[in-house]
Amino acid sequence: MAPVTGLSAGETTGLAAMVGLGLVGSVHCLGMCGPLVTTYADRLDDGGPLSLAEIRQQTLFNVGRTGSYTLLGGLFGAAGALVYDLAALARVGDVVRGGVGVAVGLCILAVGVGYLTRGRAVDLGRSLPLVGDLFARLSSAMVARLDRLVDGPGMVALGAMHGLLPCPLLYPAFLYAATTGSAVTGALSLAALGLGTVPLVFAAGTAFGSLSTRRRATLHRVMGAVFLLLALVPLANGLAAFGVALPKPPLPMPWT
């Protein structure tokens, strides 16, 4: 398990990359969760200028959303640490780290290629059995509770529920958090990602910001390139466990 003794240069670089991914990937948030965010904003809008109450509620929403990302990142990081520790006890640590690294790397790589080639969201969640149904159920639950929660502190809960929505931006990030083998690094990574998404999502909720289809496609392709960069980390470390050297960027992993 990665020791908690402060951030190394590699971990700092990794967190910066996650913030950048959040900034670029927030365009995806507008496509997937934008309608819900707009619905919240519509319920808050009193027809006049932007009020402090609206700013407060959108802030609470983003606090809840980023908080849920952080918690889930920590849980995935802790799960990864448990898997690696058990594998080490069973004397198959290299095999497990190698297999997990290659599998996760290829998964993130596939998502990145999808964004690069299509220029739009790779909607994994809605297309998967059970998960797509879960997305619909959670979305319905949010809308059903809007009037009760949107004007008060319950807006934090509405934001937190977004961490449970199937999301092709979050899925690879959660996998990345698991491969760090550290609850702290996993939580910090997802917190960085969440903070990166805040500016554009906040703007969408307060100013109804929008992007042209062409510009959105460009940002999706940039996000795909960032995913390819992130994919190199678990993939390179996974292959290294099998004795295969592959260049990788200086991002944090527990066995580097």
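Visitor: How many helices and strands does the protein have?
Guide: This is a predicted model. The protein has 11 helices and zero strands. Read from the N terminus, its elements run α-α-α-α-α-α-α-α-α-α-α.

Visitor: What share of the residues is buried?
Guide: Of the 256 residues in the protein, 48% are buried. The protein exposes about 11,700 Å², and carbon and sulfur atoms supply 69% of that area.

Visitor: And what share of the contacts joins residues at least 24 apart?
Guide: The figure is 79%, counted among contacts between residues at least 6 apart in sequence.

Visitor: Let us turn to the core. Which residues touch the most other members of the largest nonpolar core?
Guide: They are Met18, Leu21, Leu169, Leu190, Leu193 and Phe227, in a core of 37 residues. At least two core residues come from each of helix 1 (9–32), helix 2 (34–44), helix 3, helix 4 (93–118), helix 8 (155–161), helix 9, helix 10 (183–207) and helix 11 (213–241).

Visitor: Which helix gives the most to this core?
Guide: Helix 11 does, with six residues.

Visitor: What is phenylalanine 227 in contact with, leaving aside its neighbours within four places in sequence?
Guide: Phenylalanine 227 is in contact with Leu21, Ile108, Val111, Gly112, Tyr115, Pro168, Leu169 and Pro172.

Visitor: What span should helix 4 have, and how far apart are its end C-alpha atoms?
Guide: At 1.5 Å a residue, the 26 residues of helix 4 should span 38 Å, and the end C-alpha atoms are 37 Å apart, which agrees. Helix 4 is followed by glycine 119, whose phi is positive, near 70°.

Visitor: How many residues does helix 3 have, and how far does it reach?
Guide: Helix 3 has 38 residues and reaches 55 Å from its first C-alpha to its last, close to the expected 56 Å. Just after helix 3, arginine 91 takes a positive phi of about 60°.

Visitor: Now the aromatic rings. How many aromatic pairs does the structure hold?
Guide: The structure holds one aromatic pair. The rings of phenylalanine 76 and phenylalanine 174 have their centres 4.9 Å apart and their planes at 0°, so the pair is stacked.

Visitor: Where in the chain do the two partners lie?
Guide: Phenylalanine 76 is in helix 3 (residues 52–89) and phenylalanine 174 is in helix 9 (residues 170–180). They are 98 residues apart, and the pair links distant parts of the chain.

Visitor: Is phenylalanine 76 buried or partly exposed, and what about phenylalanine 174?
Guide: Phenylalanine 76 is partly exposed, because its relative accessible area of 31% lies between the limits of 20% and 50%. Phenylalanine 174, at 6%, counts as buried.

Visitor: How many residues of helix 9 are buried?
Guide: Nine of its 11 residues are, and helix 9 is mostly covered. Among them are Leu170, Pro172, Ala173 and Tyr176. After helix 9 comes glycine 181, with a positive phi near 65°.

Visitor: A change of topic: where is glycine 25?
Guide: Glycine 25 is in helix 1. This residue is buried, with a relative accessible area of 0%. Setting aside neighbours within four places in sequence, glycine 25 is in contact with Leu169 and Met223.

Visitor: How far apart are glycine 25 and arginine 221?
Guide: In sequence they are 196 residues apart, while in space their C-alpha atoms are 9.9 Å apart.

Visitor: Lastly, which residues does the UniProt annotation "transmembrane region" cover?
Guide: The unreviewed UniProt entry gives residues 69–89, 95–116, 155–178, 190–211 and 223–246. In the model, residues 69–89 are 100% helix, with end C-alpha atoms 30 Å apart. Residues 95–116 are 100% helix, with end C-alpha atoms 31 Å apart.

Technical notes: Residues are numbered from 1 along each chain as its sequence is written. This is a predicted model: local features need pLDDT of at least 70, side-chain atom pairs count only at pLDDT 80 or more; totals for chains, interfaces and linings use all residues. Side-chain values use heavy atoms; hydrogens and water are left out. Rings of Phe, Tyr and Trp (its six-membered ring) pair if their centres lie within 6.5 Å; planes under 30 degrees apart count as stacked, over 60 as edge-to-face and the rest as tilted. Helices (H or I, at least four residues) and strands (E, at least two) are DSSP runs, numbered from the N terminus. Buried means under 20% relative accessible area, exposed over 50%, partly exposed in between (1.4 Å probe, protein chains only). The expected span of a helix is 1.5 Å times one less than its number of residues. Contact means heavy atoms within 4.5 Å. Accessible areas come from the Shrake-Rupley method with a 1.4 Å probe; for residues, only the protein chains shown count as cover. A nonpolar core is a set of buried Ala, Val, Leu, Ile, Met, Phe, Trp, Tyr and Cys residues joined through side-chain atoms within 4.5 Å. UniProt positions are given in the numbering used here, feature names are shortened, and annotations may be inferred rather than shown by experiment.
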